[in-house]
Amino acid sequence: MRKLAILIASVLCVMIASGCAAETEQVDIKELAETLRETLRFEDELTPVDEKTAGALYQIDDAVRSCVYISSGATAEEIAAFELKDGGAAEKALEKAQGRIAEQRENFALYIPEEADRLERAVVERFGRYVVVCVSADGAAGEIISDFME
């Protein structure tokens, strides 16, 4: 009887845990990126890049979809949104996105130190199978992304 109770408790724990880790519903990453671009303050003009270039910049070659806007290079401002096939791929993509921001921080620290500060405040987050990056002086990026992902 005790073994049965332990088994039932274990199954309930797994069910509860899997419910908490539910994937985010379908998100239009292009709409998210455009909302960030139109809503936030950016000093530089952000230009969209094609998916191949986006994958090369972030070294994310397995994205289902991506939408990336980059600056002219005068600033570190950037928006990137990736949809991956599942949470495992998204976790790997998150690490690569964090790596890009770290590399950018090092590069900008050498020739435009104030941009390194902006990169310190970059939003780099994973929601289910989505990874979103926003480098902006505007502090509202995280809130906009969170609201969009609900």
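**Close-up views of salt bridges, a helix face and cysteines**

**View 1. Glu 78 and Arg 100 form a salt bridge in the predicted model, with 2.8 Å between their closest N and O atoms.** The two residues lie 22 positions apart in the chain, Glu 78 belonging to strand 3 and Arg 100 to helix 4. Both partners are buried.

**View 2. Strand 3 also supplies Glu 83, which is paired with Arg 65 of strand 2.** Glu 83 is buried, with a relative accessibility of 5%, whereas Arg 65 is partly exposed at 39%.

**View 3. A salt bridge joins the side chains of Glu 43 and Arg 118, with an N to O distance of 3.3 Å.** It connects distant parts of the chain, 75 residues apart: Glu 43 sits in the loop between helix 2 and strand 1, and Arg 118 sits in helix 5 (residues 113-120). Glu 43 is exposed, its relative accessible area being 62%; Arg 118, by contrast, is buried at 5%. The two residues belong to a network of salt bridges that also includes Glu 77 and Glu 115. In the whole structure, eight salt bridges are found.

**View 4. Arg 105 is located in helix 4, which spans residues 87-111.** With a relative accessible area of 26%, Arg 105 is partly exposed. Leaving aside residues up to four places away in sequence, Arg 105 touches Ala 116, Leu 119 and Glu 120. The C-alpha atoms of Arg 105 and Asp 117 are 7.9 Å apart, and 12 residues separate the two in sequence.

**View 5. Helix 6 (residues 141-149) has as its buried residues Ala 141, Gly 142, Ile 144, Ile 145 and Met 149.** Because these buried residues fall within an arc of 165° when seen down the helix axis, they line one face of helix 6. Their cover includes helix 2 (29-39), strand 4 (123-127) and strand 5 (130-135).

**View 6. Cys 67 and Cys 134 are both buried.** The relative accessibility is 11% for Cys 67 and 1% for Cys 134. The structure contains zero disulfides.

**View 7. The protein as a whole comprises six helices and five strands.** Along the sequence, these elements follow the pattern α-α-β-α-β-β-α-α-β-β-α. Of its 150 residues, 41% are buried. The accessible surface amounts to about 8700 Å², with 53% belonging to carbon and sulfur atoms. Among contacts between residues at least 6 apart in sequence, 64% join residues at least 24 apart.

Conventions: Residues are numbered from 1 along each chain as its sequence is written. This is a predicted model: local features need pLDDT of at least 70, side-chain atom pairs count only at pLDDT 80 or more; totals for chains, interfaces and linings use all residues. Side-chain values use heavy atoms; hydrogens and water are left out. Buried means under 20% relative accessible area, exposed over 50%, partly exposed in between (1.4 Å probe, protein chains only). Helices (H or I, at least four residues) and strands (E, at least two) are DSSP runs, numbered from the N terminus. The arc is that of the directions from the helix axis to the C-beta atoms. Contact means heavy atoms within 4.5 Å. Accessible areas come from the Shrake-Rupley method with a 1.4 Å probe; for residues, only the protein chains shown count as cover. A disulfide is a pair of cysteine sulfur atoms within 2.5 Å. A salt bridge is a side-chain nitrogen of Lys or Arg within 4 Å of a carboxyl oxygen of Asp or Glu.
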